[in-house]
Amino acid sequence: MGYDPVDIHRVDLDMKELQGYLEQARSVLGEDAYTKLTAALQTLAYLTDLVGDKDTTIHRLQQILFGASTEKISNVLENPTEAVASSGEKHADQGNKENKAKGHGRNGAQRYTGAQKVTVAHESLKPGDHCPLCLKGKVYVQKIPSYIVRLVGRSPIGATVYAMESLRCNLCLEVFTAAPPEGVGPEKYDPTAGAMIALLKYGSGFPFNRLERLQGNLGIPLPASTQWGIVLEIFQVIYPAYTELIRQAAQGEVLYNDDTTMRILALMGKNAQKLLAESHDSSKLNSERTGIFTSGIVSTREGREIALFFTGRKYAGENLADVLRQRASDLGPPIQMCDGLLSRNLPKEFAVILSNCTAHARRGFVDVATRFPDECRYVLETLRDVYKNDALAKKNGMLPEERLAFHKAQSGPLMESLKNWLDEQIAEKKVEPNSGLGEAISYMKNHWTKLVLFLHVAGAPLDNTICERALKKAILHRKGSLFYKTQKGADVGDLFMSLIYTCERCRADPFDYLVELQKHATELTQSPGAWMPWNYRETLEGSRASPNS
């Protein structure tokens, strides 16, 4: 369908006016349509600002609208064949195919750790019987049985209705009701139900209303309001585990932090300032700040990762400062990894050993690689070799001091050559400072000391990928549910995301963990340190082995 240019004329859009029209039509549209149109209007405003920004390129706008593709060198540069051949990636790719890691095909029966196990005895033979074929030998049990895996569909939240028979005397009219089965109490919702709701909502981005529809279709009603009531009750019961997780994260050797945008309806619109003033934490917040964020903080110590999420008006640096207030006084300053937006990421009240993200610096060259292929190829291939060295250090299980020495020897000359090249481009005016390449070079030069901290401090990481990966939990929730309704809802989400993602990083079962925390709420309150994702199973086994348990 075409348009006559004569009929097209400019219309200036006032976002407040459009929002007003939307409010007027709210009762007609319904809440679901109103929410989606509000999100579309906010997206329009955001894109309008981007288009008006002189620093926004068409390439960057395409990435925002359609998502960024992989940033591998072979996909970034205009002539991938030449790039691969010159860098040796072609041979590396062939080697990867030949040495492909196992576990990418069909799942064996042993992978179904959560499945119900049923042992089926042979219908006519038992160990020690004579072989029915040769009649001389005897049969014995093999170590590995034959398996059949059968998957069945069930409602995420199942239900059992117990119909207890009732008898009434026809003379005295007394009613006698059968006792419920052992283990069946008056509570309607089992701890497993709440754990599954929380895991679906905050671990898999499955909104309450979507689960309500699914449950209704399967004949087991579970209203969204009931789901919220269940997770809120669990939140209050297992809160000590969250506070202990924060305390232990504060003792980390390396802390990664970053932000992503979030929506809390109670902090948006006309009542935002009023609600903010009434907040119990209002003294610590900037009353003029309108942005709402989810901060991700990942703390690592001795190979263990702890993930924390905080949603509200605070920046990542302010939330990190709150965590570091619980750091033991005898510990030195931790290494902090973040991107170059230091005004938001730094915990201003605390000393840290600051390291900046190499991936962010690299992305500046990725964005302009199609316009400056030769220059960007040199930068990207140099950083590729540095990352290969880091991967080799991890593969060989090097200790922090060993890794530092290895990087100094192998990556140090590479980074020194890169620094000289960056200086040369600016000093000899080979690059226009205001061009995309010039800005990428300037960013890397300005943050150089923090970008190469891994060459000077043992344990310093290369990038902030760990935190960005963690924030995908919050982004998944934002895509599925669009927003939190209140600050309390955001606090509940932060707790469950922190516990669930920490379980995933510790290879613990988050469903089992949430169930056991509910069952042992008293013990959790008394000794929260014994009920962390990485040690709760040991605590359970110890309590079962104790004669007083």
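Is Asp129 buried or exposed, and what is its relative accessible area?

**View 1. The salt bridge of Asp129 and Lys126 in the predicted model.** Asp129 is buried, with a relative accessible area of 19%, where buried means under 20%, exposed over 50% and partly exposed in between (1.4 Å probe, protein chains only). Its partner Lys126 counts as exposed at 54%, and the N to O distance is 3.5 Å; a salt bridge here is a side-chain nitrogen of Lys or Arg within 4 Å of a carboxyl oxygen of Asp or Glu. This is a predicted model, in which local features need pLDDT of at least 70 and side-chain atom pairs count only at pLDDT 80 or more, while totals for chains, interfaces and linings use all residues. Residues are numbered from 1 along each chain as its sequence is written, and side-chain values use heavy atoms, with hydrogens and water left out.

**View 2. The salt bridge of Glu504 and Lys473.** The side chains meet at 3.0 Å, N to O. Glu504 lies in helix 21 (residues 487-505) and Lys473 in helix 20 (residues 465-481), so the pair ties together parts that are 31 residues apart in sequence; helices are DSSP runs of H or I with at least four residues, and strands are runs of E with at least two, numbered from the N terminus. Lys473 is buried at 10%, whereas Glu504 is partly exposed at 37%.

**View 3. The network of Lys314, Asp322, Arg325 and Glu349, linked by salt bridges.** Within it, the closest N and O atoms of Asp322 and Arg325 are 2.3 Å apart, and these residues count as partly exposed, Asp322 at 26% and Arg325 at 42%.
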